[in-house]
Amino acid sequence: MKIFSSTQIREWDVFTIQEQGLSSHELMERAARTCFEWMKKRFLREDYFYIFCGTGNNGGDGLALTRLLLAEGFCAKAFLLQEKELTIDTQKNVVLLRKVSSESLFIIEKEISIIDIPKNAIVIDALFGTGLNRALNGLAKEIIEKINLLPNKKIAIDIPSGLFPDKLPNADDACFSSDWTLSFQTYKRSFFYPEAAKYTGVINVLDIGLSKDFSESNETTFFTLDEVTARSLYKPRNPFGHKGTYGTAVLVGGSYGKIGAIILSAKAALRAGAGKVFIQAPHCGYTIAQTSIPEAMFIAAGENFIDSIDIMEDVVRGIGPGLGTEPASRIALESFLRNNHEPFVIDADGLNIIAKNKEKLLPLIPEGSIITPHPKEFERLFGRTNNSLERNELAIAKSKEHKIYIILKGHRTQICTPEGACYFNLSGNAGMATAGSGDVLTGIITGLLAQGYSAKEATLLGVYLHGLSGDIAAKKNAQEALIASDIIDLLGQAFLRISPE
Ligand SMILES: NC(=O)C1=CN([C@@H]2O[C@H](COP(=O)(O)OP(=O)(O)OC[C@H]3O[C@@H](n4cnc5c(N)ncnc54)[C@H](O)[C@@H]3O)[C@@H](O)[C@H]2O)[C@@H](O)CC1
Ligand SMILES: [K+]
């Protein structure tokens, strides 16, 4: 799904009105009705809605929603920030609401003292939407700060008030803290950064029928990585294929006490469908590897840590899980980087070794390679930033500069491509923040590359499947009980979920 900027969202709105021969009032009514339908499915007639409305069109949505709720027998009251400087459609909705019920609309400016929100009321935020152009102050700020302290259930229309679609709020800005956000048509970019995401609650994207032509023909560099994307990337296996068809993955890593990491990667590569898998690890891992994965072959390199990395033809490599940073392993990786020109996957200690000598080693990463840092590893490689949006922008710039794929791991893993695109992954859960989860991701991506998926396809499909498998695991068990091996075990279920029936 494409993610558009606030300017593009405004253009989308105007384009839809022209294309569909609607008035802006009719589009507002459609948006409000979509929210209303969402609420009707979840709440009871005895529930009470307190709807806070601003002067812009977000406020208009809130007023129309109040009218629709009242018309279907729900209890609802609208609180409008002020009566002056309303947009035309918001003004119209004031008139329409007053026609339906003269006692359901209050003007906050005049009557703030009477707002006493009952404990069981559902509070709806329609104060500010995508038109916010500066931090909140005055009355709006005061109301939001007061509401945020209440235990009530809270829903934001389109975007929580105080958040901007394309930038982060400052730490001391007031933002509505919602349990749900009903975002129109698509996600807003800011929803993917923790500093803003802490205000959104669960995000539901509601289809309000904005023009498909517009979204198809307008360019953006930001996308969600969702089930639709994953389905489009998945390639069913050729019935005439043999194990050679599906390639050879070589997982390089492991050291004394960290053999498990490379075992997890190798298992994941096999489960992801690689035809053959080699583990290249120090000799101390030989018995462990051969016993725990009889399907994989073993190449010994060093006694307790890796001291050489073989250059083999026609294989795909994933290097780094459990590798350690012993001087001999550092020298081995450096020498491999000098002699190898094939793209590969680099993770964990592979990245830490590069970070220690980044000026020399970063330029040696072949174009089209995939690196999978978590935020700390990213910082070691490319430096610190002030916030997660700046980190995302740095990752995009570095992907372009080095012509590599950067998978920045986190709650909403970001995939940055050499062309300058960024995908935010929608699968996955907090249970996956567990030891070995990253090693599994390296294995899945290496396994997909071995089968002939391009670097972009393997990166996107691998990240999505990894998260989806984690989601299936978390449903079977609690997130707390999720361990990395569960992600491998349920990878097959994830494949079934995205493959054609
Ligand atoms: N994009 C779409 O396709 C649709 C958008 N609609 C709604 O329209 C909203 C956008 O409407 P608007 O552009 O009118 O914007 P808002 O409703 O966000 O209101 C912004 C208004 O408040 C003022 N303002 C901005 N920042 C302020 C601040 N910090 N303190 C005080 N005043 C401030 C602005 O000058 C503007 O008048 C969307 O979020 C959505 O809810 C829907 O009605 C219909 C479809
Ligand atoms: K809002």
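1. Domain bounds here come from an automatic or database domain assignment. For the protein chain that assignment gives domain 1 (6–220) and domain 2 (230–234 + 244–495). The contact between them takes 6 residues from domain 1 and 6 residues from domain 2, where two residues are in contact if their C-beta atoms, placed from the backbone, lie within 7 Å. On the domain 1 side, the touching residues are 4 nonpolar, no polar and 2 charged. For these classes, Ala, Val, Leu, Ile, Met, Phe, Trp, Tyr, Cys and Pro count as nonpolar, Asp, Glu, Lys and Arg as charged, and the others, Gly among them, as polar. The C-alpha centres of the two domains lie 42 Å apart.

2. A friendly word on conventions: this is a predicted model, in which local features need pLDDT of at least 70 and side-chain atom pairs count only at pLDDT 80 or more, while totals for chains, interfaces and linings use all residues. Residues are numbered from 1 along each chain as its sequence is written, with chains lettered from A and ligands numbered from 1 in the order in which they are written.

3. Now the chain as a whole. Its secondary structure comes to 20 helices and 17 strands; helices (H or I, at least four residues) and strands (E, at least two) are DSSP runs, numbered from the N terminus. Taken along the principal axes, the C-alpha atoms fill a box of roughly 80 × 45 × 40 Å. Of the 501 residues, 50% count as buried; that label needs 20 or more other C-beta atoms within 10 Å of a residue's own, whereas exposed means 12 or fewer and partly exposed lies in between, with C-beta atoms placed from the backbone. Among contacts between residues at least 6 apart in sequence, 73% join residues at least 24 apart.

4. UniProt, in an unreviewed entry, places the feature "domain: YjeF C-terminal" at residues 226–498. Such annotations may be inferred rather than shown by experiment, and their positions are given in the numbering used here, with feature names shortened. Over residues 226–498 the chain is 46% helix and 12% strand, and the end C-alpha atoms are 10 Å apart.

5. Do look at the open sheet of 10 strands, which runs β8-β17-β16-β15-β14-β13-β12-β9-β10-β11 with mixed pairing; two strands pair if DSSP finds at least two bridges between them. At the edges stand β8 (222–225) and β11 (297–300), each with a single partner strand, so one side of each has no neighbour in the sheet. Strands β16 (residues 414–416) and β17 (residues 422–425) are antiparallel partners over 3 bridges, and cysteine 416 stands opposite cysteine 422 in β17.

6. Ligand 1 is surrounded by 29 residues, the closest being Gly56, Asn57, Asn58, Gly129 and Gly131; a residue is near a molecule if its C-beta atom, placed from the backbone, lies within 6 Å of it. The elements giving two or more residues to this shell are α1 (6–19), α2 (24–42) and α3 (57–71), and α3 has the largest share, 5 residues. By class, the shell divides into 13 nonpolar, 12 polar and 4 charged.

7. Serine 24, in helix α2, counts as partly exposed because it has 17 C-beta neighbours inside 10 Å. Beyond four places in sequence, serine 24 touches Ile17 and Asp89. Leucine 163 sits in the loop between β5 (154–157) and β6 (180–184) and is buried, with 28 other C-beta atoms within 10 Å. Leaving out residues up to four places away in sequence, leucine 163 touches Pro169, Cys175, Ser190, Ala196 and Tyr199.
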